[in-house]
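This briefing concerns aromatic contacts and strand pairing in one protein model. Please consult the sequence and the structure shown below alongside the notes.

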Amino acid sequence: YQAPGSANTTGHYTWVKLIAGDANTGSSSLTGGIDGVSKKRYFQVGYERGATGQDTMYFTVIQPTYNTDDGVSSGNGDLRVAYSIDDRATWTNCGPTTHTTSLAALPAAIRSETISPRIILNSSEYYFAALANVTSGVNALPVELTTFRALVIGKSVQLNWSTATETNNAGFEVEKQQNEAWLKIGYVEGHGTTNAPQSYSFVDAQVQGRVVYRLKQIDRDGAFTYSNSVEVTGAVVPAALSLQGNYPNPFNPTTTIKFTVPSNGEATLKIFNVLGTEVATVFHEMASAGVAYAVPFNAASLPSGTYFSRLEFGGQRIVKRMLLVK
């Protein structure tokens with residue numbers, strides 16, 4: 001930022017603070033031929049008078065820089081500089097009209113045209129500055145991602161995300177972290193340029209254990225940015241066949257028997273009395289690995305006594321003791 005003062009001013013200084021986030025408050029007015037300001041970052045610029053300095057400082061030129069994560073498109077003339085002197089209620093275009101964006105040597109500077117009327121600050125006052133996009137221009141100020149969540153559904157993870165606005169958005173690559181590396185597992189097409197909120201989803205099937213995801217948002221010119229990551233824990237497939245003790249135990253007359261299987265296949269759960277006679281088959285069907293089955297058993301027609309639940313799967317057999325007390 002260039003901040004020329006009067007020729008005889010000494011003992012003063014200006015300061016610049018970088019602020020991450022949307023330059024638009026959500027109700028900001030955009031004037032002078034711009035329809036967007038950066039959703040990534042903006043700058044607060046202030047003046048402080050020294051012991052022998054002038055009471056005021058004027059600003060006639062603003063010269064920020066841009067980088068790939070600002071989402072600008074190479075070779076277009078739609079990027080502008082904007083400033084606000086009313087705490088971001090209004091953003092005013094201050095040019096330039098001759099700048100062509102370049103991604104060859106970054107960060108690249110963009111110099112505003114002369115600000116007229118010039119910005120005049122008293123000591124301890126400030127204004128804001130930001131990158132802006134010309135009205136109906138093609139310069140891609142970044143896609144505004146508002147949510148990104150992961151939901152475990154059975155053995156799958158469903159990723160849901162939404163955007164408030166999109167500019168030049170080609171789409172999203174979905175990445176999953178494995179062994180410290182990020183791997184692309186899918187792609188969801190974007191909506192290009194739109195001011196309407198959009199919603200997206202992607203399903204990662206057969207997830208086990210802890211998993212971490214992120215999105216790589218890609219513009220149509222190839223520029224890209226990454227989202228924050230989200231972490232979930234998917235279904236954990238047991239290492240072996242498992243039959244838990246029924247609950248409650250003792251029971252009267254109903255109880256629940258839980259089991260899991262290590263792979264997909266046919267499972268059979270039967271109930272026997274102390275003489276080894278089968279009294280009920282409570283489960284006999286295909287079972288899925290990683291699913292916790294909870295099978296109810298009603299012994300209303302049976303007398304009090306000791307019974308046994310027996311799980312059979314893949315040539316293996318597990319037996320648990322049960323006590324019915326009426």
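In this predicted model, the charged end of Arg118 is placed over the ring of Tyr58, at 4.1 Å from the ring centre. A charge sits over a ring if NZ of Lys or CZ of Arg is within 6 Å of the ring centre and within 35 degrees of the ring normal. Arg214 has its charged end over the ring of Tyr226, 3.8 Å from the centre.

As this is a predicted model, local features need pLDDT of at least 70 and side-chain atom pairs count only at pLDDT 80 or more, whereas totals for chains, interfaces and linings use all residues. Residues are numbered from 1 along each chain as its sequence is written, and side-chain values use heavy atoms, with hydrogens and water left out.

**Aromatic pairs**

- Eleven aromatic pairs are present in the structure; rings of Phe, Tyr and Trp (its six-membered ring) pair if their centres lie within 6.5 Å, and planes under 30 degrees apart count as stacked, over 60 as edge-to-face and the rest as tilted.
- The ring centres of Phe259 and Phe283 are 5.2 Å apart and the planes stand at 75°, so this pair is edge-to-face.
- Phe259 belongs to strand 20 (residues 254-260) and Phe283 to strand 22 (residues 278-287), so the pair ties together parts 24 residues apart in sequence; helices (H or I, at least four residues) and strands (E, at least two) are DSSP runs, numbered from the N terminus.
- Phe259 counts as buried at 1% relative accessibility, and Phe283 counts as buried at 7%; buried means under 20% relative accessible area, exposed over 50% and partly exposed in between (1.4 Å probe, protein chains only).
- One aromatic cluster is formed by Phe148, Trp161, Phe172 and Tyr200.

**Strand 21 and its partners**

- Strand 21 (residues 265-273) is mostly covered, with seven of its nine residues buried.
- Strands 21 and 22 run antiparallel and are joined by eight bridges, with Ala267 opposite Glu285 in strand 22; two strands pair if DSSP finds at least two bridges between them.

- Six bridges link strand 20 to strand 23 in the antiparallel sense, and Phe259 stands opposite Tyr293 in strand 23.
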